[in-house]
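Open the model in a viewer and keep the selection tool at hand. The stops below go from a surface patch to a pocket and end at a loop.

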Amino acid sequence: MGKVLAAALVGIAAALAAERLLAFRNRLNATREVDPVALPNCHLIKGIETGSEDIDILPNGLAFISSGLKYPGLKSFAPDKPGEIFLMDLNEKKPKASELRISRGFDLGSFNPHGISTYIDKDDTVYLFVVNHPHQKSTVELFKFMEDDNSLVHLKTIRHDLLTSVNDVVAVGPDSFYATNDHYFSDFILMFLEMYLGLTWSNVVYYSPKEVKEVAAGFYSANGINISPDKKYIYIADILDHNVHVMEKHADWNLTHVKTLQLDTLADNLSVDPDTGDIWTGCHPNGMKLFYDDPDNPPASEVLRIQNILAEQPTVTRVYAENGSVLQGTSVATVYDGKLLIGTVFHRALYCEL
C-alpha cells in the first residue's frame, strides 16, 4: 500500500510539474516565430552597443536613453561595464547619441539603469528618474538635467521596503512616482520559481516623500508603466500575461481597474504619444529566446502601436517586426515628430523616420 501511495504521489507531482512547465512556456510564447514587418528608413544608432532598455523623450525633442542593464538570467555584451544614460536631440538632421556626464559623488561603478521617466516642474526644471540595480538591489535615482552642459546632477537615492524589484517608473511630481515591481522576490532563483509557478504577486507602488503604498496588485510581472496625456489614466504592461491594463488615477493616488487589452506578444515598456494619446510598446514575440544565448536563433523584435485604448475595440498595429538579425530583444518604442526610436534590453538601438 505504501508503494502504491508513493507512486501515486510521484505521478501527481510529475503531472503538476508538467502542467506548470506548459503554462510557463505559454506565458513566454515559447513557440512563436515573428512575421517580418519592415520600415524603409531606419539605421542603427552609433555608440549604443550594450542596450537601450528604456527611452523617454521631452516635448522639445531631447531623448534620454538608458543603457547597459545587467539583469538576472539575461545576457550582457559588457558585463563589467557600468551603465550609462545617453542623450539624442531629435531636432537635428542626423541625431547622434552622446553619453551624459553624471555629477561627482554618485557611484558610477555600480550604475545599472533600467526604466526611466522624466518630469518637468513648473519652473521648467527637468527631473530624470532612473530605476537602478546596484549589486542587484533596487533603487530609484533622482537626477536634475542640466541642458547647458548636457549633464545630470544626482539629487538623491530612493529606497523603500515596498520597492523590492523595480522595473519601471512614471514620474507624477518632482519627487513622486508610480513604480512597477516585476517580481515579489529579488533573489534570482526565487524570481524564477515565481515565474515558473505562475504566481501573481507582482504589483504597482505609489511613492512620495510623505506616503508610500501599494496601489495595484495581482500581476504575473508588471513591467512598463506610463500615464495618459490628460493625466487621468495609468497604463501598466503585464509582460507575462500578454496585456496592457488601464487604471484610473484618483486624487489620493489610488488606482482602480478600467479595462485590460489582451495582446499576442510580451509587451515591455510603454510610451505615450503626447499629441495623439497612442501607446507605443516594444515587445518580445518569444520571451523564451531572451533566456537562451543562441547566436543562430536570437530574440526577435516587435513594435506595436495601440490607438484609442479606451474604446471598445482599440486599434493595434504591428509597426515593425524582425527576427533578431538587426535588433535583438526590443523593449521600448517611442515617437517624436515623425521619428521612431526603438530600444532593446541588451543590444543596439534603431532610429527610423516614419
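A patch is made of residues with over 30% relative accessible area and no salt bridge, joined within 9 Å for like charges and within 5 Å for nonpolar side chains (Val, Leu, Ile, Met, Phe, Trp, Tyr). Accessible areas come from the Shrake-Rupley method with a 1.4 Å probe, only the protein chains shown counting as cover for residues; a salt bridge is a side-chain nitrogen of Lys or Arg within 4 Å of a carboxyl oxygen of Asp or Glu.

The model is predicted: local features need pLDDT of at least 70 and side-chain atom pairs pLDDT 80 or more, while totals for chains, interfaces and linings use all residues. Numbering starts from 1 along each chain as its sequence is written, and side-chain values use heavy atoms, without hydrogens and water.

Select F188, I189, L190, F192, L193 and L197: together they form a nonpolar surface patch with about 520 Å² of accessible area. F192 lies in helix α2 (residues 188-197) and is partly exposed, at 37% relative accessible area (partly exposed lies between buried, under 20%, and exposed, over 50%).

Next, show D56, I57, N226, V272 and P274, the closest to the centre of the largest pocket among its 40 lining residues. A pocket here is an open set of points on a 1 Å grid where a 1.4 Å probe fits, with protein on both sides within 12 Å along at least five of seven lines; lining residues have an atom within 4 Å of a point. The volume of this largest pocket is about 880 Å³.

Finally, pick G105, in the loop between β6 (101-102) and β7. G105 is exposed, with a relative accessible area of 83%. H154 is 49 residues from G105 in sequence and 8.0 Å away in space, C-alpha to C-alpha.

How values were computed: Grid points are joined across faces, edges and corners, and a volume is the space filled by probe spheres set on the points. Helices (H or I, at least four residues) and strands (E, at least two) are DSSP runs, numbered from the N terminus. Buried means under 20% relative accessible area, exposed over 50%, partly exposed in between (1.4 Å probe, protein chains only).
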